[in-house]
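Please keep the sequence and the model in view while reading.

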Amino acid sequence: MSSRRSASPESLPGSSGSGPVAVLVVTWNSAEVLPEFLASLPEGMAGLDWRLVVADNDSADDTVEVVRSLAPDATVVQTGRNAGYAAGVNAALAAAAGWEGGFRAALVCNPDVRMRRGCAEVLVDALGEAQPGGGRVGISVPLLYEEDGRTLLHSLRRESSVTRALGEAVIGNRRAGRFPRWSELVTDPAAYERRTVADWATGALMALSGECLAACGPWDESFFLYSEETEYCLRARDLGFVTRLEPSASATHLGGDSRVSPRLWTLLTVNRVRLYRRRHGVAATTAFRAAVLLRESSRAALGRPASLAAARALAGPSALGSVPGPQPAGPSQAV
């Protein structure tokens with residue numbers, strides 16, 4: 001099945017309680033990484049009834065042809081433009097909602113993720129569980145490892161705050177990450193050894209319950225790339241759906257190039273401030289922007305081109321608007 005459309009920005013249907021798990025993948029020039037991803041799906045999805053939806057953002061390579069050749073039963077949605085990650089997720093969700101019987105949960109994943117056996121079943125089984133402190137699991141995420149398969153990625157995050165931005169600026173996010181007050185990044189090893197509720201998690205691989213999807217509606221397409229998963233997790237939390245790490249599920253993430261590309265790092269950094277502005281007042285946003293600018297300026301002084309570009313953007317008059325001419329991160333569209 002193939003269609004050429006984007007998701008309507010109206011409501012997206014949630015789970016009917018039946019139907020398969022919808023595996024949603026957003027692609028942009030992803031032909032190089034797709035064959036291994038598609039080959040790994042049966043093992044990663046073991047134990048589940050599932051169907052694949054690929055939303056392609058106008059790839060210039062053979063991405064669509066690769067999918068049709070190697071996964072002929074997949075639903076392919078061609079957005080017809082470089083629409084951004086959130087728009088791709090929405091297009092895939094809309095396509096899955098049209099299946100007879102709907103779908104019971106969605107698995108949003110980058111095409112450069114390689115799930116280990118049974119990963120998806122653990123994530124999906126966790127959805128809907130009640131949390132002792134209140135709320136239900138609406139989003140579940142696995143442990144993520146770097147390409148070597150051994151190095152753990154710190155994928156859990158705390159909500160942005162002025163003190164956390166200052167902590168990262170002064171002592172670095174990895175050192176500050178052990179202390180909840182001083183960093184957005186969660187680096188405490190104990191947090192990755194147990195089921196841990198986080199404010200949000202990186203969006204390379206996450207399962208979403210049908211109930212959560214119905215309550216939250218579409219992903220926010222105003223974030224072309226980066227912060228879209230942050231906004232969605234925080235919106236879900238506001239509605240009573242927590243994001244929880246399931247340490248018995250794991251996957252390898254080949255990673256992106258946002259940390260070395262000045263343009264992409266700028267987009268990531270500015271979108272953090274844009275999202276903060278949506279949830280806080282002018283005074284708090286001004287302080288947060290200054291703290292983030294301090295971090296990027298200090299790293300620019302150490303000779304990091306990406307931080308220099310981000311600092312210039314933050315200091316400019318359009319820092320809280322859009323960044324001109326954003327370029328996608330290729331096969332990996334989340335950090």
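The points below are grouped by topic, beginning with the chain as a whole.

This is a predicted model, in which local features need pLDDT of at least 70 and side-chain atom pairs count only at pLDDT 80 or more, while totals for chains, interfaces and linings use all residues. Residues are numbered from 1 along each chain as its sequence is written, and side-chain values use heavy atoms, with hydrogens and water left out.

**The chain as a whole**

- The secondary structure of the protein chain consists of 11 helices and 12 strands; helices (H or I, at least four residues) and strands (E, at least two) are DSSP runs, numbered from the N terminus.
- Of its 335 residues, 58% count as buried, where buried means under 20% relative accessible area, exposed means over 50%, and partly exposed lies in between (1.4 Å probe, protein chains only).
- The protein chain exposes about 13,500 Å², and carbon and sulfur atoms supply 52% of this area; accessible areas come from the Shrake-Rupley method with a 1.4 Å probe, and for residues only the protein chains shown count as cover.
- Among contacts with a separation of 6 or more, 77% are between residues 24 or more positions apart, a contact being heavy atoms within 4.5 Å.

**Helix α8**

- Nine of the 11 residues of α8 are buried, so this helix is largely enclosed by the rest of the structure.
- The buried residues of α8 are Glu 228, Glu 229, Thr 230, Glu 231, Tyr 232, Cys 233, Leu 234, Arg 235 and Ala 236.
- After α8 comes Gly 240, which has a positive phi, near 95 degrees.

**Salt bridges**

- The whole structure contains 15 salt bridges, each defined as a side-chain nitrogen of Lys or Arg within 4 Å of a carboxyl oxygen of Asp or Glu.
- One of them joins Glu 159 to Arg 237, with the closest N and O atoms 2.9 Å apart. Glu 159 lies in the loop between β8 (156-157) and α5 (162-171) and Arg 237 in helix α8 (residues 228-238), so the pair ties together parts that are 78 residues apart in sequence.
- Within helix α8, Arg 235 and Glu 231 are four residues apart, about one turn of the helix. Their side chains meet in a salt bridge (2.8 Å, N to O), and Arg 235 and Glu 231 are both buried.
- Another salt bridge links Glu 246 with Arg 244, the closest N and O atoms being 2.6 Å apart; Glu 246 and Arg 244 are both buried.
- Salt bridges that share partners also connect Glu 159, Asp 199, Arg 237, Asp 238 and Arg 279 into one network.

**The cavity**

- The structure holds one cavity of 30 Å³ or more. On a 1 Å grid over the protein atoms alone, a cavity is a set of points where a 1.4 Å probe fits but cannot get out, and a pocket is an open set with protein on both sides within 12 Å along at least five of seven lines; lining residues have an atom within 4 Å of a point.
- The largest cavity has a volume of about 420 Å³; grid points are joined across faces, edges and corners, and a volume is the space filled by probe spheres set on the points.
- Of the 26 residues lining the largest cavity, the closest to its centre are Arg 157, Glu 184, Trp 200, Leu 268 and Arg 272.
- Helices α8, α9 (262-279) and α10 (282-300) each give two or more residues to this lining, and α9 provides the largest share, seven residues.
- By class, the lining of the largest cavity has nine nonpolar, seven polar and 10 charged residues. Ala, Val, Leu, Ile, Met, Phe, Trp, Tyr, Cys and Pro count as nonpolar, Asp, Glu, Lys and Arg as charged, and the others, Gly among them, as polar.

**The second largest pocket**

- About 190 Å³ of space lies in the second largest pocket.
- Its lining includes Leu 38, Trp 50, Arg 51 and Asp 73, and divides into 10 nonpolar, no polar and two charged residues.
- α1 (34-44) and β3 (50-56) each supply at least two lining residues of this pocket; the largest share, four residues, comes from α1.

**Arg 295**

- Arg 295 is found in helix α10 and is buried, with a relative accessible area of 8%.
- Leaving aside neighbours within four places in sequence, Arg 295 is in contact with Glu 168, Ala 169, Asn 173 and Trp 265.
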